Amino acid sequence: MSSGTSTATAPRQRSRTRTFLPLAVAGWLVLEIWLLSLVAGAAGGFTVAGLLAGGLVLGVVVIKRAGRRAFKNLTRTFQQAQEQGMSGAAPAAPQSAQGSGNGMTMLAGLLLILPGLLSDVAGLLLLLPPVRAFASRRAETTLERKMASAAPGGFGDAYTQARIHFPDGKVVQGEVIREDGSPAGRTGPDTGYRPPLTP
């Protein structure tokens, strides 16, 4: 017989997103198939194939352009940092070009590549600068809210702490030694002097 006690844990509640996301995806797929069948019945199968092929080609072009723009921005940022480092000036925070929205542009390209009329319409809408800026602001606000409400010790907390305490990403290992020679914060039989750690 085991004398251990079993601890009953409350069942974890599923988030609303995890509950409704599969239903939303299934509904979206059914609606896409229904719309494609309507267009095929009205205009013919070649029209549907042309629309899908056009969306695929346009999506690939959009993603390639956004990738090139992101690479140019990255190269420009590295060049500016290198020039500031050579001149001895303090490095300035990189400024992102307003309205560039490479992430949303790539999302628009991905939606255009996906087969379906609704995804194509959503991708075309995301290509419009006002819609792209609005979607980018909403995504940023949602991400900040999620990071702020994350449980302590999670990824959001670790990311925030890393940005606050180590802005340059360097961590220096060390040991605190008291003036009397004993390491700080230690009590017990192992409190004698130890030489500092060397690499």
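1. At 37% relative accessibility, leucine 31 counts as partly exposed. Buried means under 20% relative accessible area, exposed over 50%, and partly exposed in between (1.4 Å probe, protein chains only). Leucine 31 sits in helix 1. Helices (H or I, at least four residues) and strands (E, at least two) are DSSP runs, numbered from the N terminus.

2. A note on the source. This is a predicted model, in which local features need pLDDT of at least 70 and side-chain atom pairs count only at pLDDT 80 or more, while totals for chains, interfaces and linings use all residues. Residues are numbered from 1 along each chain as its sequence is written, and side-chain values use heavy atoms, with hydrogens and water left out.

3. The chain has six helices and zero strands. Its order from the N terminus is α-α-α-α-α-α. Of its 199 residues, 13% count as buried. Accessible areas come from the Shrake-Rupley method with a 1.4 Å probe; for residues, only the protein chains shown count as cover.

4. Leucine 31 belongs to a nonpolar surface patch, which also includes Leu21, Trp28, Trp34 and Leu107. Together the patch residues have about 930 Å² of accessible area. Patches are made of residues with over 30% relative accessible area and no salt bridge; like charges are joined within 9 Å, nonpolar side chains (Val, Leu, Ile, Met, Phe, Trp, Tyr) within 5 Å. A salt bridge is a side-chain nitrogen of Lys or Arg within 4 Å of a carboxyl oxygen of Asp or Glu.

5. Which helices each supply at least two residues of the nonpolar patch? They are helix 1 (16-43) and helix 3 (102-113). Helix 1 gives the most, with seven residues.

6. Leucine 29 is also in helix 1. Leucine 29 is partly exposed, with a relative accessible area of 43%. Its C-alpha atom is separated by 8.5 Å from that of glycine 116, 87 residues apart along the chain.

7. Helix 4 (residues 117-126) has these buried residues: Leu117, Ser119, Asp120, Gly123 and Leu126. Their cover includes helix 1, helix 2, helix 3 and helix 5 (129-148).

8. Lys64, Arg65, Arg68, Lys72 and Arg76 form a positive surface patch. Lys and Arg count as positive and Asp and Glu as negative; His and the chain ends are not counted. The place of a charge is taken as NZ of Lys, CZ of Arg, CG of Asp or CD of Glu. Arginine 68 lies in helix 2 (residues 45-87). Arginine 68 is exposed, at 52% relative accessible area.

Terms used:
Contact = heavy atoms within 4.5 Å.
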